[in-house]
Amino acid sequence: MKVRSASSPGKIILFGEHFVVYGKPAIVSAIDLRAKVKIQPTSEPQVKLSNGSTHNPAVKAAEYILQELKINLGLIIDIESTIPPSAGLGSSASISVASAAATSLLLLDRIDLDLVREAAFVGEKLVHFNPSGIDTSIALYGGSGLYTRAESLKPINISIDRLLVIDTGKTRKTGEMVKKVREFYEENKEKFKEILEEYDEILNSVLDSFKNRNLEDIGKLMLRNQELLREIGVSCEEIEKAIKTALDAGAYGAKLTGAGGGGCVVALIDEDRLEKAVSMISEKFKVYTPRLSAEGVREEKT
Ligand code: PMV
């Protein structure tokens, strides 16, 4: 058995993070920042990272596949990733998916998508609390789509090629943010219901705006979605500052992406204003300009 590698994309959630945990559809897109995972058998009995760590989603995902296939084997895992961790860009899901896919290649000589999805979900649970599965689905299939817990990912054309992604530099734990929203929900059930209804309206409007590529409207709807995220308590000073900076640089709209409490903000801007905006914003924050609808999991040359 030799070394096998796979890579998988990060993601941005354009609309509907947190609400997706409560059954609502979210709009998500794979980005061209990727995690690559290389796996090789070792004579030692354990599965671990090359730095010796075992507390990692990549390890859990690989162990799950070994268990399912009833194979007793030690593995060494190497991770190379351009996705910033704990920033809402799906780094841990991407690592889980790439690790599961590389393990599947090593043991079965193919990427068994069902097995990889199950294994990656187990990996995600290590860093998450009650994951909706949105991160692992988009890391697996790539592209852009509407994700629901009930029906998984349905591809849609979001008509946007590129976005500004601003890293607030504040890291946070997804599981803690999801728990915080659960507490808000328990204490404010009526209010939460109203918020979900308002989100339904935003979502319907945005699906229309994608059809005629109305960037101005999409930007306004991002700001409305951000208001709802603020109400459920997942925004913070750094996020609000990043949003204001993006709007000052000419963005149509901006909002947090992922769990919030820090992490990244996404902003929509005309391609011909992108370069100038990047130089303005990067005086204060680290900025990425990823291409959207990137390819899902794939084998890599080792
Ligand atoms: O892990 P993050 O920060 O990319 O956020 C995941 C999105 C949430 O809706 C907050 C949680 C979930 O499982 O859907």
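## Polar links between the domains

Eleven residue pairs, both members at pLDDT 80 or more, are in polar contact between domain 1 and domain 2. A polar contact here is a pair of N or O atoms within 3.5 Å, one able to donate a hydrogen and the other to accept it; residues adjacent in sequence count only if both atoms are side-chain atoms. There are also two salt bridges between these domains, each being a side-chain nitrogen of Lys or Arg within 4 Å of a carboxyl oxygen of Asp or Glu. E17 and K255 meet in a salt bridge through their side chains, at 2.9 Å from N to O.

This is a predicted model, where local features need pLDDT of at least 70, side-chain atom pairs count only at pLDDT 80 or more, and totals for chains, interfaces and linings use all residues. Residues are numbered from 1 along each chain as its sequence is written, and side-chain values use heavy atoms, with hydrogens and water left out.

## The two domains

So where do the domains run? Domain 1 covers 4-158 + 293-300 and domain 2 covers 164-288, with bounds from an automatic or database domain assignment. Their centres, taken over C-alpha atoms, sit 24 Å apart. Domain 1 puts 28 residues into the contact and domain 2 puts in 40, with contact meaning heavy atoms within 4.5 Å.

## The buried area

Together the domains bury about 2,800 Å², 72% of it on carbon and sulfur atoms. Buried area is the accessible area (1.4 Å probe) that two parts lose on being put together, summed over both. On the domain 1 side, F15, F19 and Y22 supply 27% of the area buried against domain 2, more than any other three residues.
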